[in-house]
Amino acid sequence: MTQMERPKLAAKRPAAAAADPAATATADPPRKRTRAFPPQPSVAPHPLGIRPMGNLLFARSEPGFVDTRGRGLGPFARFDDEFLLAFLVTYLDDPRALCALGRASKAWYAFWAYDEIWKGWVLERWRDLPPGGPVPKVYVPTGWRHTYIHLVVGTPVEQLAQSPLVADPVQIPHLYSDLLFHPHLYASTPLAYLVDMLEALTATGVVRAMDAVDRPSVDAFVAAYEAPNKPCILRGCMAEWPAMRGGAWNWDALASRLGDVPLRAEAVDMLLAEYLAYMNAHPADEAPVYLFDKDYPKQGAGGCELAAGYTVPPYFTADLFSVLGATRPDYSWLIVGPERSGSSHHKDPNSTSAWNAVIRGAKLWLMYPPDLVPPGVFPSADGANVSTPVSLMDWWLNWFPQTRQLVRGVPRDRRPVWAVCREGEIAFVPCGWWHTVINLEPSIAITQNYVSQHNLRSVLEFLFCNREMISGYGNADDAADTVGGATASEDNAATEAPAAATSCAAAPSTASSARPGGNGNCVDARRLYEDFVQGLRTQRGDDAALMSVLDAFVREVVEPKQAQKSAGEGVVECNVKTEPSLTLWESILAGDGGAGAQQQQQQQGSHEQGSFLASLFG
């Protein structure tokens, strides 16, 4: 076992020998379930002795109680912790000033030790450093504060690890703060607890285990899952991938053979070796940095080798966006992350479906049907944005249990589904489904979004009715400024091969050069509907089934809207909001505890996410 590999949470399931999907569709995983909802496991005390705010209720009456916060913060004690954090990040914005403030009292010291502040400062500086440049991006295992010191001051990692504050941290008695305590809670709660909650709710019928199918035929997959828009796990479909053979993509091999490939980890360009070193340090983050790169095939010979490690499974080769050629929206990503990394609830862009293949590790998937907005997820009135909790564990511990109330009255076949997708397995994500993913182990995966005959109607409607919400072209303002983008034709028709087949020829020769944002396509995203329709008629006009879907959409949606516009009614929106948007705060003031806002938003969708602390750092 290499340093990166860890014991599995559960024994790996044996591969089934049969290939008939009708005979091999199973519920996953087949563990014994209990109907009792498990209590939240206890965690070790906070290293500084900070406690959650709820403990203050009884602590005030205990002998020897000291108001550490009130005494230590002085006049700032009247403000809540969220305001103080925003103040420190927005107005102080100086590590030296924060260090000086941390010496004033133990209460300010607690804010000085809040690692998320230092993480933001480190990532800001890392963004300005080119991958493979003279200053490497080194994460110090003792935390982001020490990482900043190593980056700016140059203090050796070994010296920082021997700091007395690491072995014997300062204790801050009688300080109660959810903001300062929760990152420790979320980073310490065992991930197996999430599976325990799902098992308990599966036993009571609140959620359902996702079907797992062994090597179905394409026709069987389409009939059972793609056509009815139903999620599933596909097994046994990746055995022939080069990435799966002979340990080609194990962690040590990737670091030694392809470590100099520059990739995008959130907003930071890092060498793959630098990111794997960060992951190998097992960061104690509630929201670890996540590598999610769409340009890997363009990163020289190493990027081409990564792209050649897989082939598109036969279930997903009929990718209709390929008629757009080089002007298609972003659709393929390499994903690498440590345990606890992942993505919060969202719908996939442009109403596409997706597949996600796990090459190393294990991912926990939870999906809600399109018309069932998950608890704690608040889409905007126009569906362009969605507000979610800051961290994945925050949602799982504080919001997921409310699914029990959410599904009351919902038919069992329309309730959320879940699965653990392990090495060699593929998760199918149907269009429109809300989904969240968290890595149970350090993981590497390939994912692609695609359009087929069965989600074509949804994609056409999204492109026609939501022109300002189309994603996949980097900077939306830049794309909108370039009118009359290239139109797909027989001359630029893409094949059904993976992205690597057409991308590597134009790969840059230097791996250390920083890359521009976006996919580099000069396309007016608002014209994507017209370009897509023209490409379909030019390149797939002989497909009667596709043309039937396209003609029906034009007849039922496009022509009536054009007729209304010609009649002098102006621009007619496809999705007219007949009721004013009800904010969560307004709903609470109305006395329904927020239920009104949640109910109004049940039919709304989104594909962007926000984070409180991330927004403070831009």
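Does Arg-69 count as buried or exposed, and at what relative accessibility? At 16% relative accessibility, Arg-69 counts as buried, where buried means under 20% relative accessible area, exposed means over 50%, and partly exposed lies in between (1.4 Å probe, protein chains only).

The views show a predicted model, in which local features need pLDDT of at least 70 and side-chain atom pairs count only at pLDDT 80 or more, while totals for chains, interfaces and linings use all residues. Residues are numbered from 1 along each chain as its sequence is written, and side-chain values use heavy atoms, with hydrogens and water left out.

**View 1. Arg-69 and Asp-81 meet in a salt bridge.** A salt bridge is a side-chain nitrogen of Lys or Arg within 4 Å of a carboxyl oxygen of Asp or Glu. For the side chains of Arg-69 and Asp-81, the N to O distance is 2.8 Å. Arg-69 lies in helix 3 (residues 68-73) and Asp-81 in helix 4 (residues 81-92), so the pair ties together parts that are twelve residues apart in sequence. Helices (H or I, at least four residues) and strands (E, at least two) are DSSP runs, numbered from the N terminus. Asp-81 counts as buried at 7% relative accessibility. A search of the whole structure finds 17 salt bridges.

**View 2. Asp-214 forms a salt bridge with Arg-235.** The closest N and O atoms of Asp-214 and Arg-235 are 3.9 Å apart. The pair links distant parts of the chain, with Asp-214 in strand 3 (residues 211-214) and Arg-235 in strand 4 (residues 232-235), 21 residues apart. Asp-214 is buried, with a relative accessible area of 6%. Arg-235 is buried as well, with a relative accessible area of 12%.

**View 3. Lys-294, Asp-295, Lys-298 and Asp-330 are linked in a network of salt bridges.** In the bridge that Asp-295 forms with Lys-298, the closest N and O atoms are 3.5 Å apart. Asp-295 counts as buried at 9% relative accessibility. Lys-298 counts as partly exposed at 31%.

**View 4. Helix 7 packs with helix 8.** Helix 7 (residues 115-127) and helix 8 (residues 144-152) pack at an angle of about 35 degrees, and their axes are 8 Å apart. Axes are lines fitted to C-alpha atoms, for helices over the stretch in contact, and angles run from 0 to 180 degrees between N-to-C directions. Contact means heavy atoms within 4.5 Å. Among the residues of helix 7 that meet helix 8 are Trp-118, Trp-121 and Trp-126. By class, the contact of helix 7 with helix 8 has nine nonpolar, one polar and four charged residues. Ala, Val, Leu, Ile, Met, Phe, Trp, Tyr, Cys and Pro count as nonpolar, Asp, Glu, Lys and Arg as charged, and the others, Gly among them, as polar.

**View 5. Helix 16 is largely enclosed by the rest of the structure.** Six of the eight residues of helix 16 (residues 300-307) are buried. The buried residues are Gly-300, Gly-302, Gly-303, Cys-304, Leu-306 and Ala-307.

**View 6. His-174 has a positive phi although it is not a glycine.** The phi of His-174 is about 60 degrees. His-174 is placed in the loop between helix 10 (164-167) and helix 11 (178-188). At 23% relative accessibility, His-174 counts as partly exposed.

**View 7. Ser-351 has a positive phi although it is not a glycine.** The phi of Ser-351 is about 60 degrees. Ser-351 lies in the loop between strand 9 (342-346) and strand 10 (353-360). Ser-351 counts as buried at 16% relative accessibility.
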